[in-house]
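Me: Hi! I'm new to this one and would like a quick tour. Could you show me what we're looking at?

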Amino acid sequence: MDFNSSNVLETAKYFVEDIEDPVNVIPVVLLLLCFLWTGFPRGRHTTLAWWALFNGCIIHCWMDGVIGTTGRGPKWMVVEYGKLDARYWKTKDPTVMMVSYIEITIMGPLCILWYRAIVKDLWWRHFMSIITSTFQLMGTFMYVGTEVYDGFKNVPLDWPPSFDSFEKVFYFWTIFVFANSIWIFVPSLIMYQTLREMNDVYNSPHSSSKKQN
């Protein structure tokens with residue numbers, strides 16, 4: 001196969017187009033502030049800390065919060081959001097916009113505070129795990145549920161499954177179905193594990209002796 005430099009340049013141009021937009025520094029600035037304020041993920045809850053950091057700085061505040069609502073950001077991500085779901089910046093569906101605004105104003109900051117609580121092992125870590133995961137579940141159910149109720153009018157539906165095009169496999173099955181399932185399964189698992197930890201603390205011998213006294 002012949003090497004075509006023009007195709008490579010066009011592909012590179014596509015991925016860097018609009019990269020100079022100031023909104024693209026948002027995740028970088030947020031990550032740096034988190035590392036300066038709290039430090040890097042460490043300890044026995046490192047994976048959970050990375051999850052909170054990734055959601056707060058990348059997903060809630062930048063991708064859904066800025067790109068999804070304003071259509072600003074790297075051109076390729078803006079285009080992909082439009083292909084994935086027309087309810088984002090293309091039509092600005094009220095429900096999806098409200099979920100996205102909750103992400104950038106509440107869920108993102110909550111995740112950043114949660115990250116600090118995890119890394120520093122602060123006493124309110126369990127509370128943040130429960131409340132942040134609850135918000136994530138609520139947001140996912142509102143986002144997916146309203147589209148299901150509306151008859152999948154805004155996403156490239158593939159039902160009954162045919163898998164006859166890249167768009168249907170990638171945008172519907174991989175992103176809409178699989179990716180959203182992650183934000184149902186993981187928060188649910190975190191809430192379950194958190195409640196178990198709280199139960200262990202509450203029923204520990206030291207705690208039991210304090211309750212008896």
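Me: Is Arg87 buried or exposed?
Reply: Arg87 counts as buried, because its relative accessibility is 3% and the cut-off for buried is under 20%. Keep in mind that this is a predicted model.

Me: Okay, and which residue does Arg87 meet in a salt bridge?
Reply: That would be Asp85. The two side chains come together at 2.8 Å, N to O.

Me: How accessible is Asp85?
Reply: Asp85 has a relative accessible area of 0%, so it is buried.

Me: Which residues are linked with each other in a network of salt bridges?
Reply: The network links Asp85, Arg87 and Glu147.

Me: Why can side chains pair up like that?
Reply: Side chains with opposite charges can pair when the charged atoms come close.

Me: How many salt bridges turn up in the whole structure?
Reply: A search of the whole structure gives six. One of them joins Arg125 to Glu197, with 3.4 Å between the closest N and O atoms.

Me: Where do those two sit in the chain?
Reply: They tie distant parts of the chain together. Arg125 belongs to helix H6 (residues 125-149) and Glu197 to helix H7 (residues 166-202), and the two are 72 residues apart.

Me: What about accessibility for that pair?
Reply: Arg125 is buried, because its relative accessibility is 4%. Glu197 has a relative accessible area of 23%, so it is partly exposed.

Me: Let's switch to helices. At what angle do H3 and H4 cross?
Reply: Helix H3 (residues 46-70) and helix H4 (residues 75-84) have axes that cross at roughly 75° and come within 10 Å. Because 65 to 115 degrees counts as roughly perpendicular, H3 is roughly perpendicular to H4.

Me: Which residues make that contact?
Reply: From H3, the contact uses Trp62, Met63, Asp64, Ile67 and Gly68. H4 brings in Met77, Val78 and Tyr81.

Me: How do they divide into nonpolar, polar and charged?
Reply: Where H3 touches H4, six of the contact residues are nonpolar, one is polar and one is charged.

Me: Great, thanks for the tour!

Notes: Residues numbered from 1 in each chain as written. Predicted model: local features only at pLDDT ≥ 70, side-chain atom pairs only at ≥ 80, totals over all residues. Heavy atoms only, no water. Salt bridge = Lys/Arg side-chain N within 4 Å of Asp/Glu carboxyl O. Buried < 20%, exposed > 50% of the residue type's maximum accessible area, 1.4 Å probe, protein only. Helix = DSSP H or I, 4+ residues; strand = E, 2+ residues; numbered from the N terminus. Axes fitted to C-alpha atoms, helices over the stretch in contact; angles between N-to-C directions. Parallel < 35°, antiparallel > 145°, perpendicular 65-115°, else oblique. Contact = heavy atoms within 4.5 Å. Nonpolar A, V, L, I, M, F, W, Y, C, P; charged D, E, K, R; others polar.
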